[in-house]
Amino acid sequence: MVLQARNKHREAAPKPPQPPRASQSPLRGASDVGAGEPGPERAPLSPGRKGAAGRKGPRAEPGAPPAGGGLGGRLAARLRWALGLRRAGRGRTWTTLLLAVFAAVLHWSHITHLFENDRHFSHLSTLEREMAFRTEMGLYYSYFKTIVEAPSFLNGVWMIMNDKLTEYPLVINTLKRFNLYPEVILASWYRIYTKIMDLIGIQTKICWTVTRGEGLSPIESCEGLGDPACFYVAVIFILNGLMMALFFIYGTYLSGSRLGGLVTVLCFFFNHGECTRVMWTPPLRESFSYPFLVLQMLLVTHILRATKLYRGSLIALCISNVFFMLPWQFAQFVLLTQIASLFAVYVVGYIDICKLRKIIYIHMISLALCFVLMFGNSMLLTSYYASSLVIIWGILAMKPHFLKINVSELSLWVIQGCFWLFGTVILKYLTSKIFGIADDAHIGNLLTSKFFSYKDFDTLLYTCAAEFDFMEKETPLRYTKTLLLPVVLVVFVAIVRKIISDMWGVLAKQQTHVRKHQFDHGELVYHALQLLAYTALGILIMRLKLFLTPHMCVMASLICSRQLFGWLFCKVHPGAVVFAILAAMSIQGSANLQTQWNIVGEFSNLPQEELIEWIKYSTKPDAVFAGAMPTMASVKLSALRPIVNHPHYEDAGLRARTKIVYSMYSRKAAEEVKRELIKLKVNYYILEESWCVRRSKPGCSMPEIWDVEDPANAGKTPLCNLLVKDSKPHFTTVFQNSVYKVLEVVKE
């Protein structure tokens with residue numbers, strides 16, 4: 001490391017209005033139809049088609065092409081086979097891959113540029129970088145820091161598996177509780193990288209003395225992958241750059257044209273603020289997990305389209321499932337919507353029972369692997385996802401019994417659907433009772449509050465945050481301005497028209513037996529159903545539009561599909577249609593990008609910096625702190641002090657602790673609150689006056705939330721207001737600045 005004295009004056013440029021962020025409080029043929037080349041193998045769907053071709057039975061699939069002489073030739077051949085490029089030449093395969101790599105580099109550069117512009121991250125001190133990772137981001141990064149700074153990698157892993165700081169005085173396995181495998185892997189890579197660089201004598205970072213001005217002391221700022229925070233963020237941005245390569249391949253494969261891949265990528269960029277928030281919040285779980293969902297859905301699409309399943313495809317699906325589930329506790333709910341969509345596709349006859357059964361087995365194996373790797377995390381076994389898998393497996397096993405029921409095919413669909421729905425809910429309830437699991441009960445309460453007037457402390461903490469509220473009314477308007485919504489609606493209507501055409505031929509005959517053959521293009525029906533599921537999630541919880549918008553970008557690629565729009569491309573050159581649409585999209589899309597590029601700022605949080613410095617130098621290392629969840633994450637990360645509550649809210653015990661800690665903002669008596677804090681062994685409470693008065697909407701200030709939970713004390717003066725004026729006799733003020741007031745709990 002080289003320390004150079006150099007002044008870098010950081011001028012805090014005023015931030016212009018920022019675009020709405022998602023949350024701040026988640027090919028058959030490869031020919032290019034635009035070039036007039038042959039389209040996919042399947043014939044276009046005419047409006048009057050009844051799905052007859054699909055009922056003639058599966059076509060014979062040509063064998064895999066012989067591999068070339070060298071490793072590159074064999075790899076290219078396998079990629080052509082996997083992507084359905086069997087009729088395309090080797091040159092087209094590499095062209096597709098090169099375009100995908102270009103898209104990856106472009107997205108990596110874009111999000112890196114936005115992140116640096118927003119925070120001036122390269123010029124921040126170590127403490128400032130840690131403070132920039134607010135709320136749960138700081139909590140996750142703290143475990144990466146623990147492993148990196150430990151005497152050895154194994155010692156660091158042992159420390160996070162026997163953590164004494166996060167929920168003092170409890171000792172918890174944070175690797176089990178908080179989905180920390182990304183931090184474990186990145187910490188191992190960092191330690192390997194720095195050791196190798198040290199061995200060969202290559203410098204990994206350069207440090208500067210940065211003058212901050214305004215009477216503030218100079219700080220040391222380090223740049224390069226040798227700095228832990230820079231390494232951590234860089235890997236995240238590389239992963240999300242690669243995600244864009246997957247999106248290009250996904251759009252190309254689904255639509256049968258490289259133009260489809262181009263549409264997907266450009267739609268993502270034109271709606272970037274609605275598609276992702278990785279550039280603002282890198283350490284969140286979705287930043288690690290979502291790229292593997294894109295890969296997983298691409299593999300599902302390939303499996304649905306293939307007439308013959310290969311073991312490699314199923315193994316790849318299993319691996320992508322595990323990589324998607326391990327980093328993110330919410331992944332199980334997304335996979336639940338996928339399984340439900342696939343089951344619906346099976347019920348109406350677009351995939352056969354053998355294929356669905358193999359997919360279900362792969363999901364079960366993936367779930368079992370995650371259960372083991374998460375040290376027996378019982379939330380996985382008691383989830384709706386696990387219950388749904390078991391119920392669908394049972395329905396498939398009972399198919400011979402369903403065939404004996406003398407009813408119409410429509411009635412059989414309804415019977416199977418009801419069996420799945422009620423069976424999943426009942427099995428979920430029973431398993432939760434048997435295992436005594438209530439950790440995900442707040443999810444059910446949150447959904448209940450969306451439809452009914454149900455309220456409690458936990459649901460109000462969620463629904464009062466903008467990201468957990470209903471989708472903003474402006475969001476569909478933003479989709480419309482970039483033409484994303486109109487294009488997706490056109491594609492969706494085309495798929496629905498195909499489904500109605502297929503279904504009408506069956507239902508009109510009033511058959512009382514199941515057809516022997518399936519309809520074709522089941523992957524299109526699956527994507528339409530998945531779109532409906534993501535739309536429902538996005539409307540109910542605004543944060544989840546991060547699934548909806550990228551899927552809309554993938555669906556937009558189907559505007560290039562000959563299966564859906566072959567009748568149009570026979571009259572109009574497809575390239576003309578696609579580029580006309582992209583030109584219209586670019587009007588608002590380029591404006592959206594320019595708005596993002598114009599965001600220029602610098603991270604600064606002097607009140608919290610003062611607080612952290614005071615804690616580090618004025619309190620004992622074993623002093624226990626309590627306070628607002630975002631602040632507690634910073635106290636643990638930067639001051640290394642024990643805390644009793646934190647932002648990871650998916651645990652029943654932690655929710656109970658947080659309710660006790662937040663009683664400081666209730667209308668209860670000070671003596672009662674102090675007594676509960678002493679039971680948690682709290683030494684210091686960090687009081688933030690702003691939490692007493694601020695509210696995102698009516699009924700959402702902390703005192704108002706407590707009025708719902710504790711109506712007996714409604715009407716009294718909030719305790720926090722009293723303590724801001726005078727903390728005695730139950731507390732003693734030991735530190736205070738413009739934002740924070742540290743109260744020492746007076747022991748009896």
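Biologist: Which cysteine forms a disulfide with Cys464, and how far apart are their sulfur atoms?

Modeller: A disulfide is a pair of cysteine sulfur atoms within 2.5 Å. Here Cys464 and Cys700 form such a pair, with their sulfur atoms 2.0 Å apart. The torsion about the S-S bond is -80°, and the link of Cys464 and Cys700 is left-handed. This pair links distant parts of the chain, 236 residues apart: Cys464 is in the loop between α20 (457-463) and α21 (474-481), and Cys700 is in the loop between α31 (690-693) and α32 (702-709). Before going further, note that this is a predicted model, in which local features need pLDDT of at least 70, side-chain atom pairs count only at pLDDT 80 or more, and totals for chains, interfaces and linings use all residues. Residues are numbered from 1 along each chain as its sequence is written, and side-chain values use heavy atoms, with hydrogens and water left out.

Biologist: Is Cys464 buried or exposed?

Modeller: Buried means under 20% relative accessible area, exposed means over 50%, and partly exposed lies in between (1.4 Å probe, protein chains only). Cys464 counts as buried because its relative accessibility is 11%. Cys700 also has 11% relative accessibility, so Cys700 counts as buried.

Biologist: How many disulfides does a search of the whole structure find?

Modeller: The search finds 3 disulfides. Another of them joins Cys207 and Cys222, whose sulfur atoms are 2.0 Å apart. The torsion about the S-S bond of Cys207 and Cys222 is about 100°, so this disulfide is right-handed. The pair links distant parts of the chain, 15 residues apart, with Cys207 in strand β2 (residues 206-210) and Cys222 in strand β3 (residues 219-223). Both Cys207 and Cys222 are buried.

Biologist: How are those helices and strands assigned, and how many does the protein chain have?

Modeller: They are DSSP runs, numbered from the N terminus: helices are H or I with at least four residues, and strands are E with at least two. The protein chain has 33 helices and 7 strands.

Biologist: How far apart are the sulfur atoms of Cys692 and Cys720?

Modeller: Cys692 and Cys720 form a disulfide with their sulfur atoms 1.4 Å apart. Cys692 lies in helix α31 and Cys720 in helix α33 (residues 719-725), so the pair ties together parts 28 residues apart in sequence. Cys692 counts as buried because its relative accessibility is 5%, and Cys720 counts as buried at 1%. With the bonded cysteines of the protein chain numbered in sequence order, the pairing is 1-2, 3-5, 4-6.

Biologist: Which side chain does the side chain of Lys545 contact?

Modeller: A polar contact is a pair of N or O atoms within 3.5 Å; within protein, one must be able to donate a hydrogen and the other to accept it, and residues adjacent in sequence count only if both atoms are side-chain atoms. The side chain of Lys545 makes a polar contact with the side chain of Glu274 (2.6 Å). Lys545 lies in helix α24 (residues 545-556) and is buried, with a relative accessible area of 0%.

Biologist: What percentage of the 748 residues in the protein chain is buried?

Modeller: Buried residues make up 57% of them.
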